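Subject: Handover of a structure for your review

Dear colleague,

Please find below the structure that I am handing over to you.

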Amino acid sequence: MPDVTNQLLSSVGAPAPLRGADVGAARERTRRRRLWWIAALLTPLMVWMWWRVLTGDPVGPPSMPTIDPLYLMAGLFFLFLLLIIVASSVGGGRSPHIVVRPEQIEVGLDDVVGIDVVKAEVVRTLNLFLAHRTFAIEMGGRSRRGVLFEGGPGTGKTHTAKALAKEAGVPFLMATATSFQSGLQGASQRKVRNFFKALRKAARQYGGAIGFIDEFDAIALRRPTMSMSPQPANPSSGLLSCGGLVGLPALARTVTPSVVTTPFTGGGDAQMTVNELLVQMQSFDQPTGGQKLYGALVDVINLVLPAHRQLKGPGPARANIMLFASTNTAERLDPALLRPGRFDQRLSFDLPGKVGRRQIVDHFLARKAHVAELDGEERRDALAAITHGYSPAMLEGLLDEALVQAVEAGRRAMTWQDVEHARLVTEIGLGQPVTYTAHEERLIATHEAGHATVAWLVAPQRRLEVLTIIKRRDALGLLAHGDTEEVYTRARGEMERLIQIAFGGQVAEEVFFDDISTGPSGDLQYATTVAAQMVGAAGMVETLVSFAAVQGSAFSDSGIVGRVLGDSEGRRMVEQVLTTQRDAVRLLLAENKHLVAALRDALVERHELIGTEITDILQAAQRAHESATADAPAVIDLRDPVTVDDPDVG
Ligand SMILES: Nc1ncnc2c1ncn2[C@@H]1O[C@H](COP(=O)(O)OP(=O)(O)O)[C@@H](O)[C@H]1O
Ligand SMILES: [Mg+2]
């Protein structure tokens with residue numbers, strides 16, 4: 001019926017799973033066949049028993065033979081021993097999966113929010129799977145068999161898989177890759193084999209089955225014998241693409257998994273496990289035991305039949321299986337696993353953008369106690385804006401931490417301040433009360449005030465978030481500032497301003513103390529990194545040469561900073577960028593000593609300023625300075641107008 005087919009295929013892209021598609025039809029067929037078999041087997045038995053009844057000789061219970069208890073005990077003992085031996089050898093290679101029942105899972109596809117693109121693709125893949133027969137017969141398509149979820153930790157891979165399990169409507173076999181590992185020689189391979197066996201069996205019984213292997217890298221790491229790059233590294237062959245704009249390097253917050261070597265790489269057993277996976281991924285269509293028997297029988301009969309009377313053996317055994325796997329980096333997986341026909345589709349779970357984060361915030365806040373203020377559009381948008389670089393799991397963690405802060409303060413619902421504090425705690429760490437000497441306190445306050453002043457003056461588009469002289473982790477004090485909008489590229493001017501902000505602290509020390517401390521070492525490191533990127537990667541200074549393209553030299557192992565600084569010309573250019581910006585900051589701060597002083601005094605007094613508190617002080621100081629220079633150029637105390645009472649912050 002082409003109408004039904006068309007309908008089915010056109011609804012593959014629907015936002016919800018297709019229920020009762022081909023998979024449902026297949027299940028119904030299997031059910032009928034099963035009933036038919038039961039009837040076929042039971043009927044002769046029933047007929048025979050009725051025959052006995054009617055002929056006056058009904059079948060009674062079988063009479064038990066009498067056995068000597070001594071023999072019975074001995075027999076039972078050996079049976080028991082045999083059972084133990086069989087169980088230990090079979091159990092060692094048992095498939096570690098669990099079959100997930102939809103009613104055991106509380107997350108559905110509605111709970112997967114903020115990653116719409118990935119979600120739509122997952123649903124489409126599922127629908128294609130459920131309508132596989134139509135797709136294959138009508139259009140000659142080959143359904144997807146392996147889909148790889150790739151993404152950083154906490155981006156929702158396992159979460160999505162669970163939702164999928166709830167909605168799929170076919171058996172969902174879940175296993176973590178680590179549970180395939182075993183110390184026993186050969187047991188890992190047997191577990192893999194049995195997992196696929198279970199998948200095939202479920203697929204036959206229910207018309208389809210889905211497998212999911214979490215943290216796939218644990219068993220699928222690249223075999224040491226495989227070359228590092230599956231494709232020839234010749235840039236002039238194949239499809240050329242000019243990369244487009246490359247986004248900003250990941251912030252420190254986003255965890256970029258580096259290549260770690262686990263003891264599992266290179267081991268012979270691990271290699272065999274990968275091989276087993278490769279084999280199993282191709283043998284979805286293996287015949288069942290019954291079909292093999294049937295085939296053998298047909299072969300034997302055919303031996304005596306003439307050529308034109310030969311019987312036909314069983315047809316191909318299709319098991320409708322789809323396999324999902326999740327991993328942090330697909331690069332580390334064995335390339336053979338990623339070729340077409342195996343895990344040929346990769347879905348990348350990226351960090352959500354601002355819109356996505358807003359949806360996730362809405363989703364989580366719907367069940368976490370919060371004050372009415374947090375229901376405002378503005379606050380929620382702000383929350384989505386300041387959590388740039390957060391994964392969904394981190395967002396959840398942040399809101400949980402905010403609840404903890406609320407409980408500590410004796411409240412039953414979180415406020416905006418709780419969220420702000422939670423962010424400080426999760427991103428920078430808990431404040432450690434240490435008592436600085438009076439001089440040190442002034443020095444640190446001056447340093448941080450210098451950063452903030454420069455940031456406020458040169459980069460008004462940046463949001464000043466926290467200015468503090470409370471020690472957190474290694475930082476004696478710090479200025480946290482971020483982009484107001486989410487940005488993916490930076491202009492040269494912006495890069496220069498970032499360097500200027502970094503120099504603000506050191507220069508402020510110079511201006512006020514005529515000396516510099518060891519404090520700014522981190523700032524210099526940051527400034528050098530930015531300058532090296534400008535010189536060596538972005539072509540922003542003098543040279544257009546990209547140091548990132550260096551390969552096969554002594555420096556190609558080091559990062560961009562190492563490569564640029566390893567080159568005498570590059571080093572000179574970095575040096576020049578840095579000194580130019582430092583001199584600019586010197587001029588700037590010499591003219592704006594009053595701003596630094598005002599912030600410093602506020603910091604010494606209050607230790608921590610958050611958000612608008614910082615800008616309020618700077619604005620007040622600026623106003624006071626302007627009126628003072630206009631009326632009477634005299635030295636005035638700037639501290640009084642500083643203590644702004646804002647009910648919103650603090
Ligand atoms: N898209 C999302 N929508 C809602 N919650 C999410 C989403 N992604 C992740 N989460 C939350 O983050 C937690 C961790 O995600 P998980 O799927 O385990 O991450 P991973 O990608 O490391 O497997 C989940 O338990 C869930 O509560
Ligand atoms: Mg996971």
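The notes that follow describe what was found, beginning with the chain as a whole.

**Overall picture**

Please bear in mind that this is a predicted model. The protein chain contains 21 helices and eleven strands. It has 650 residues, of which 33% are buried. Of the contacts between residues at least 6 apart in sequence, 77% join residues at least 24 apart.

**The six-stranded sheet**

One open sheet has six strands in the order S1-S3-S4-S5-S2-S6, and its pairing is mixed. Its edge strands are S1 (98-100) and S6 (345-349), each of which pairs on one side only. On average, neighbouring strands of this sheet are turned by 25° against each other, direction ignored.

Both senses of pairing can be followed from S3. With S1, S3 pairs in the antiparallel sense over three bridges, and Ile 98 stands opposite Met 174 of S3 there. With S4, by contrast, S3 (residues 172-176) pairs in the parallel sense over five bridges; here Phe 172 is opposite Ile 210 of S4. Strand S4 (residues 209-214) is mostly covered, with five of its six residues buried.

Which helices lie against this sheet? Helix H6 packs on the sheet and touches S1, S2 (146-151), S3, S4, S5 (321-327) and S6. The direction of H6 makes about 160° with that of S5. Helix H7 (residues 187-206) lies across S3, S4 and S5, and runs at about 150° to S4.

**Helix H12 and the three-stranded sheet**

Helix H11 is also among the elements that cover the buried residues of H12, together with helix H14 (416-427) and strand S10. In H12 (residues 377-386), Leu 383, Ala 384 and Ile 386 are buried.

Strand S10 in turn belongs to an open sheet of three strands, ordered S10-S8-S11, with antiparallel pairing. Strands S10 (478-483) and S11 (608-610) stand at the edges with a single partner strand each, so one side of each has no neighbour in the sheet. Neighbouring strands here are turned by 20° against each other on average, direction ignored. Strand S8 (residues 462-468) is joined to S11 by three bridges, the two running antiparallel. Val 466 has Ile 610 of S11 as its bridge partner.

**Individual residues**

Is Asp 601 buried or exposed? Asp 601 is buried, because 20 other C-beta atoms lie within 10 Å, and the cut-off for a buried residue is 20 or more. The C-alpha atom of Asp 601 is separated by 8.5 Å from that of Thr 446, although the two residues are 155 apart along the chain.

The other two concern backbone torsions. Most residues other than glycine have a negative phi. Glu 215, which is not a glycine, has a positive phi of about 50°. Glu 215 is found in the loop between S4 and helix H8 (217-220), and with 17 other C-beta atoms within 10 Å it is partly exposed.

Asp 514 likewise has a positive phi, near 60°. Its place is the loop between helix H16 (492-513) and helix H17 (521-536). Asp 514 is exposed, with 7 other C-beta atoms within 10 Å.

With kind regards

Methods:
Residues are numbered from 1 along each chain as its sequence is written. Chains are lettered from A and ligands numbered from 1 in the order in which they are written. This is a predicted model: local features need pLDDT of at least 70, side-chain atom pairs count only at pLDDT 80 or more; totals for chains, interfaces and linings use all residues. Two strands pair if DSSP finds at least two bridges between them. Helices (H or I, at least four residues) and strands (E, at least two) are DSSP runs, numbered from the N terminus. Axes are lines fitted to C-alpha atoms, for helices over the stretch in contact, and angles run from 0 to 180 degrees between N-to-C directions. A residue is buried if 20 or more other C-beta atoms lie within 10 Å of its own, exposed if 12 or fewer, and partly exposed in between; C-beta atoms are placed from the backbone. Two residues are in contact if their C-beta atoms, placed from the backbone, lie within 7 Å.
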